[in-house]
Amino acid sequence: MFHALADATRRDIVRRTLVGASSVSELADAYSMSFAAVQKHVAVLEGAGLVSKEARGRTRIVRAEPDQLDRVRALLDAYGGLWRGRIDRLDTLLAEDTPLAEDPPLAERPPDPDR
């Protein structure tokens, strides 16, 4: 799913098909790329379950699959919560009032064997 949504054109195709179903030809007219390139984008989205295609004669109608998009949103929310928790723990660790160990004065340091 994330691979399919990594491309800006594919995200736009999902956006367009959420508003309303479109034929692959209508989608291709919206982009400065070949019909075959748009078909490939649609195939990637279909493989991820983010859109579905329906044959109406020779026309292929593409529509978004909102249930699959809800799954993507749930995964992103879960990952977001995970990272927020990690950042909060890091903030807590950094805010602790523990002084850093300081180097001992030169007189107390062991002799350097390379000198």
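Helices (H or I, at least four residues) and strands (E, at least two) are DSSP runs, numbered from the N terminus. This is a predicted model: local features need pLDDT of at least 70, side-chain atom pairs count only at pLDDT 80 or more, and totals for chains, interfaces and linings use all residues. Residues are numbered from 1 along each chain as its sequence is written, and side-chain values use heavy atoms, with hydrogens and water left out.

**View 1. Three strands form an open sheet in the order β1-β3-β2.** Pairing is antiparallel; two strands count as paired if DSSP finds at least two bridges between them. β1 (22-23) and β2 (51-56) are the edge strands. Each has a single partner strand, so one side of each lacks a neighbour in the sheet.

**View 2. β1 meets β3 (residues 59-64).** Two bridges join these antiparallel strands. Ser22 has Val62 as its bridge partner in β3. For Ser23, the bridge partner in β3 is Ile61.

**View 3. β2 and β3 form a hairpin.** The two strands pair in the antiparallel sense over six bridges. Arg56 stands opposite Thr59 in β3. Two residues lie between the strands of the hairpin, and Gly57 takes a positive phi near 70°.
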